[in-house]
Amino acid sequence: MLLLTPGPVQTDPRVRAAMAVDIAPWDLDFRAEYAEIREKIVEVAGGTPGHHVTLPLQGSGHFVVEAAIRTFVPAGGAFLVPMNGQYAERIWRLASEAGRRPIAIPVPDTRPVTAQEIAAGFAAHPEASHLIAVVSETGSGIVNDPAVMGEAVRKAGRRMILDMVSAFGAWPFRLAEHDEIDAVTFTSNKCLEGMPGLGFAVCPADRTRERAGQAGSWSLDLGDVMLTAERAGWGSFRFTPPVQALRAFGVALELYEAEGGQRVRLARYRENMRVLMDGMTALGLRPYLAPEHQGPVIATFHQPPGPEAGGRFVLQDFVDALKQRGVLISNFHTTEAPTLRIGCIGAITPDDMRHAVAVMGEVLEEMGVLA
Ligand SMILES: *Cc1c(COP(=O)(O)O)cnc(C)c1O
C-alpha cells in the first residue's frame with residue numbers, strides 16, 4: 001500500500017524491520033542508543049548542544065504539544081494562537097482543558113499569520129505570555145513560518161511554543177536563532193519518517209528546569225522529564241517507552257542523515273508536491289490554496305461536485321477505489337470548504353506520485369467525474 005497520508009507516513013523497510021526484536025529499555029546498550037538519539041535531535045533542530053535538550057514523551061503529537069503548554073504556560077495563564085486551521089483548534093481545546101487561556105488571532109485557513117497580526121495581538125493582550133502556533137497546518141497545507149513569527153514575538157518581548165509536528169526535519173529551521181522559543185514539538189512519524197509512538201520537545205535546559213513541577217500533571221511535565229535525565233542519565237526513561245518504535249526512529253534518523261538531511265528531504269517533498277499539483281490540475285482539480293501559500297507537506301484540492309450539486313464525486317467511494325489499487329489517502333477533510341487532501345511526505349518519491357496521479361485519473365474517469 002502506498003500511504004499518501006500526512007502521518008503516520010510511508011516508512012522505509014529498514015525502519016520497519018528494526019522493530020522485530022525484543023529490547024529492554026534499561027539495558028545499558030539500549031540506553032546509549034537512546035542517549036545518542038537525543039543528541040542527534042538537538043542537531044536536527046539546529047539547537048545549541050548543552051543549552052538545548054531533547055525531551056521525549058510516550059504517545060502521539062497531541063501529548064507532547066499539551067506537555068509543552070502545561071510546562072511553559074502557567075496555570076490560568078493566557079497565550080495567543082493563530083486560528084488558521086484544524087490543529088490550531090486542537091491547541092485551543094487541549095490548552096483550555098488544561099486550564100490555560102487561549103486568545104485567538106483570527107486568520108482564514110488559506111494563508112499564514114502575518115507579523116502585523118501577531119504584533120497587534122500582543123499589543124491588545126499584555127497578559128499573553130506566549131504565541132503558540134502550528135507551523136505546517138496539516139488541515140489545509142499552509143505554513144506559518146517560524147522566522148516571521150519568531151521575529152514578531154521577540155519584538156513584543158514574549159515567548160513562543162511551536163507545534164512543528166508535520167514540518168520538523170523538512171522545513172528550514174535553526175533553533176539556535178530563536179532565543180524566544182520555549183519548546184519546539186514534533187513526533188517520530190512525520191517528516192523524520194519513523195514509526196508512530198513518540199513525541200519530542202526540544203527546549204532550553206535552564207528554562208525547563210525552572211518550570212519543573214508546575215505542569216499540573218506528572219505525566220506531562222517536561223520539567224520532570226528533564227530533571228529525571230539529569231539525575232538518572234540521558235539514556236533513561238521515566239515510564240516504559242515504545243522501545244521498538246524508538247529503535248526504529250534511530251534507524252530513520254540514520255537514513256535522514258544519509259539522504260542529506262533537511263535540504264535534500266525538503267527538495268524531495270517539494271518535487272512530490274510539484275508532480276502532484278501538475279498532475280491533479282491537468283485532471284481538472286482545483287487547488288484549495290493560492291500557490292504562494294502552498295506548503296510542501298500537504299496538498300488540498302476542492303472536491304469535484306457531488307450528487308447534491310448534480311455531480312458524481314463521493315469522497316469515500318473515491319478513497320475506496322484508490323485503496324483497491326494500492327493507494328491510500330485521507331477519507332475526511334478539515335478545511336473550511338470540502339477538499340480532498342494528499343500528503344507529500346514519507347518514504348515516497350516523485351515516481352510514486354506519478355503513479356498515484358495516474359491511478360487517481362483512472363478512478364475519476366471511472367466515476368464519471370472527468371469530462
Ligand atoms: C499530526 C499532527 C499533530 C499530532 O497528531 P497526533 O495524531 O496526536 O500524532 C499535531 N499537529 C500537527 C500540525 C500535526 O500534523
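**Notebook: a core, a tyrosine and a helix pair**

I began with Met149 and, setting aside its neighbours within four places in sequence, I found it in contact with Val113, Ile118, Leu131, Ala133, Val135, Asn144, Met160 and Leu162. I note here that the model is a predicted one.

I then looked up the largest nonpolar core, which has 51 residues, and saw that Ile118, Leu131 and Met149 are those with the most contacts inside it. Helix α9, residues 243–259, gives the most to this core, with ten residues. I kept in mind that in soluble globular proteins nonpolar side chains tend to be buried together.

Next I turned to Tyr87, which is found in helix α4, residues 86–97. Is Tyr87 buried or exposed? I have it down as buried, because its relative accessible area is 18% and the cut-off for buried is under 20%. Leaving aside neighbours within four places in sequence, I listed His62, Val134, Glu137, Thr138, Gly139 and Asp163 as the contacts of Tyr87. For Tyr87 and Gly139 I also noted a separation of 52 residues in sequence and of 7.0 Å in space, C-alpha to C-alpha.

Last, I looked at how helix α11 (residues 315–324) packs with helix α12 (residues 350–367), and I recorded an angle of about 130 degrees with the axes 10 Å apart. That angle makes α11 oblique to α12, and α11 passes α12 in a right-handed crossing. The contact is made by Asp317, Phe318, Ala321 and Leu322 of α11, together with Val359, Met360, Val363, Leu364 and Met367 of α12. Sorting the contact of α11 with α12 by class, I have eight nonpolar residues, no polar ones and one charged residue.

Definitions and conventions. Residues numbered from 1 in each chain as written. Predicted model: local features only at pLDDT ≥ 70, side-chain atom pairs only at ≥ 80, totals over all residues. Heavy atoms only, no water. Axes fitted to C-alpha atoms, helices over the stretch in contact; angles between N-to-C directions. Helix = DSSP H or I, 4+ residues; strand = E, 2+ residues; numbered from the N terminus. Parallel < 35°, antiparallel > 145°, perpendicular 65-115°, else oblique. Left-handed = near helix turned anticlockwise from the far one by under 90°. Contact = heavy atoms within 4.5 Å. Nonpolar A, V, L, I, M, F, W, Y, C, P; charged D, E, K, R; others polar. Core = buried A, V, L, I, M, F, W, Y, C linked by side-chain atoms within 4.5 Å. Buried < 20%, exposed > 50% of the residue type's maximum accessible area, 1.4 Å probe, protein only.
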